[in-house]
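User: Hi! I have a model open here and would like a quick tour. Can you help me get my bearings?
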Amino acid sequence: MRQRSRHSLLPLAALGAAVLALLWVAVAPIAAWAADYRCTEVDLVAQVQTDGSVSVVDQRIFEFDGAERETLKWLYEGFPEDAALVVERVRMAPANAEGAVDGEWVDLSEATFQLPWRSGGGPESDAWAYDRFQHRLYAFVGHLPSRVVFEVAYRVEGAVVAYDDAADFQWLYVPRDYAVALDNVTAEVVLPLAADDTVRAEDNVYAWGHGPADGSVSIALDGSITFTDPEVEPTQFAEARVLFPVDWLTNLSDEARLANQGNPQYSWTPRYEAEWVDRDTYRTIIRLRLIIGLLGLAAVVLVGALLVYRRWGRERPPAFTDDYGDEVPDARLAPAVMGRLWRWNHESPDDVVATVLDMVRRGALTVRRDDDGRPAALVLLPDLGARTTARAEAVLDGATLRLLRTLAAGAEELSVGAAAAFARTHPSEFLQAEQAWQLSLTALVEPYCFFDRGSRRAQRVVLLAAALVALLAIVSFFALGWLPALLALAAAGATAVLGNYTMRRSVEGNNIVARAKALRNWLRDGDVRAEIDRPELVIYAYLFGVSEYGEEVGSTVSGQPVAAGILVPATMAATLAYLAPRLSRTLGDALRAAHHRAEVS
């Protein structure tokens with residue numbers, strides 16, 4: 001009874017482990033998967049020049065975990081197509097706990113960018129390089145202190161687009177796909193305020209921020225606009241858009257001034273941005289509803305799986321309760337049928353081997369021995385004197401002979417160690433024959449009704465529901481984000497674990513398995529020397545994975561050695577013990593070779 005109680009707790013333990021593991025993945029910071037450092041503060045200042053260019057000073061504080069060498073990346077995207085970015089300097093300095101510079105600035109030298117550096121590597125010394133095709137700045141540095149401030153100064157020519165009445169500056173100050181999340185982001189845009197003009201928010205100066213929902217925008221009277229974001233995840237972005245009078249660009253070239261004539265901005269850009277905000281709000285509401293719907297569906301499916309498991313997942317107490325027994329579980333059942341019952345109807349090549357061993361035991365297959373007396377091949381011509389005990393047994397014997405003849409490629413004998421040769425040259429034919437054998441065994445198992453029909457139907461429904469939630473979770477990863485997707489995937493995994501343990505055996509099947517467990521325990525733990533010469537027990541020891549019993553039989557009842565290290569099986573039990581591991585190995589090699597060849601072809 002104690003053993004059964006522990007078994008009933010196994011699916012719940014597996015369920016708990018699966019949920020905890022997936023929830024740990026879900027709540028772990030995604031940045032930890034990407035890099036060994038953090039970016040704790042970002043300060044950006046973009047000074048708009050009167051010629052339409054922008055000078056930017058980008059300061060970032062990084063905290064490192066003791067890496068000897070690190071490659072940092074900056075992404076500079078979102079400027080007009082004809083804009084040109086020029087990096088003027090890259091330098092770094094130690095920083096204290098408050099983020100202030102605590103030491104001397106060190107200027108990094110410029111290196112010519114090499115394409116292989118995109119996937120790793122870099123110059124031997126500390127340097128920076130700019131990949132102008134992907135708009136990425138790389139800093140290759142080593143021997144870093146725990147906290148460092150990096151400063152990048154660059155200039156963007158043609159960053160501001162001039163229209164009839166307004167100048168439009170759009171700045172993607174945090175593009176997507178950074179290696180880590182950026183914390184405490186502050187981006188300031190300083191406008192070239194005309195001496196005879198003033199800043200009138202929502203009149204001549206407009207500012208909009210796109211990105212995280214907790215970001216903010218403020219417009220100051222001195223012509224500076226500040227955008228703040230407490231955190232920007234690698235999958236998010238942060239963008240600024242500022243509209244101001246085009247007359248403030250006093251040194252704008254004639255070409256830039258005339259490029260977009262006939263396109264007034266003050267009249268429609270605020271309306272467009274308001275509509276964009278409304279659409280974004282609507283999308284946010286829809287996204288929240290979808291997240292709630294996904295997690296609600298996952299929770300309902302998981303609760304349903306728990307109820308199904310409570311109804312069907314627990315095995316009925318068997319009538320046989322002994323811990324040990326030395327009799328076969330049910331003499332009516334072919335060993336392969338017992339294997340399916342033992343394995344919850346899962347297919348296995350072990351059943352083929354067990355059937356071959358049983359046919360040898362019954363005389364339905366003859367073994368040819370070599371000159372030393374050891375089994376060398378299976379004779380595939382049925383012995384006319386052999387008789388099977390049941391019609392079902394005869395059907396399985398016939399299917400086994402067809403499979404063996406397929407492996408023998410028409411020969412009258414099949415060498416014990418040569419089955420894989422045919423599988424390598426005819427993989428499809430062998431796999432079809434093996435599948436036909438498994439179908440024959442399935443047809444033999446089904447009439448016994450060893451598995452509760454209601455629990456089988458419930459298991460299919462639970463596993464289908466788990467697959468549906470998992471599919472929705474994968475799709476939602478791209479549409480809703482990683483956290484709800486992983487939470488839903490955790491629920492799907494837990495549901496699948498419960499579904500796996502939902503099917504239960506029938507009353508008769510559970511009693512037979514109880515006897516099988518007792519025999520397994522006896523084969524594994526009991527004193528088998530008293531009844532060592534029982535060939536049928538060798539077959540069940542193989543089915544139950546008690547290899548020690550076969551080894552004990554082989555070492556105890558084998559004949560005298562004909563040469564050093566060679567023992568000749570002298571009894572039927574010893575012959576089966578000799579054949580079992582060799583047949584298992586050759587059939588396993590054949591299946592692996594056939595699957596490999598089938599995949600390659």
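User: Which residues have the most contacts inside the largest nonpolar core?
Analyst: Those are Phe430, Leu523 and Phe544, in a core of 69 residues. Keep in mind that this is a predicted model.
User: Thanks! Which helix gives the largest share of this core?
Analyst: That would be helix H14, residues 572-600, with ten residues in the core.
User: And what does Phe430 touch?
Analyst: Leaving aside residues up to four places away in sequence, Phe430 touches Leu403, Leu407, Phe422, Ala423, Leu587, Ala590, Leu591 and Ala594.
User: Switching to strands: in what order do the four strands of the open sheet come?
Analyst: The order is E3-E8-E7-E6, with mixed pairing. Strand E3 (69-75) and strand E6 (109-110) are the edges, each pairing on one side only.
User: How do E7 and E8 run, parallel or antiparallel?
Analyst: They run antiparallel, and five bridges join E7 (residues 127-131) to E8 (residues 136-142). Within that pair, Ala129 stands opposite Tyr138 of E8.
User: Nice. One more: why is helix H12 described as largely enclosed?
Analyst: Because eight of its nine residues (535-543) are buried, the rest of the structure largely encloses H12. The buried ones are Pro535, Leu537, Val538, Ile539, Tyr540, Ala541, Tyr542 and Leu543.
User: What follows H12?
Analyst: Gly545 does, and its phi is positive, near 75 degrees.

Definitions and conventions:
Residues numbered from 1 in each chain as written. Predicted model: local features only at pLDDT ≥ 70, side-chain atom pairs only at ≥ 80, totals over all residues. Heavy atoms only, no water. Core = buried A, V, L, I, M, F, W, Y, C linked by side-chain atoms within 4.5 Å. Buried < 20%, exposed > 50% of the residue type's maximum accessible area, 1.4 Å probe, protein only. Helix = DSSP H or I, 4+ residues; strand = E, 2+ residues; numbered from the N terminus. Contact = heavy atoms within 4.5 Å. Pairing = 2+ DSSP bridges.
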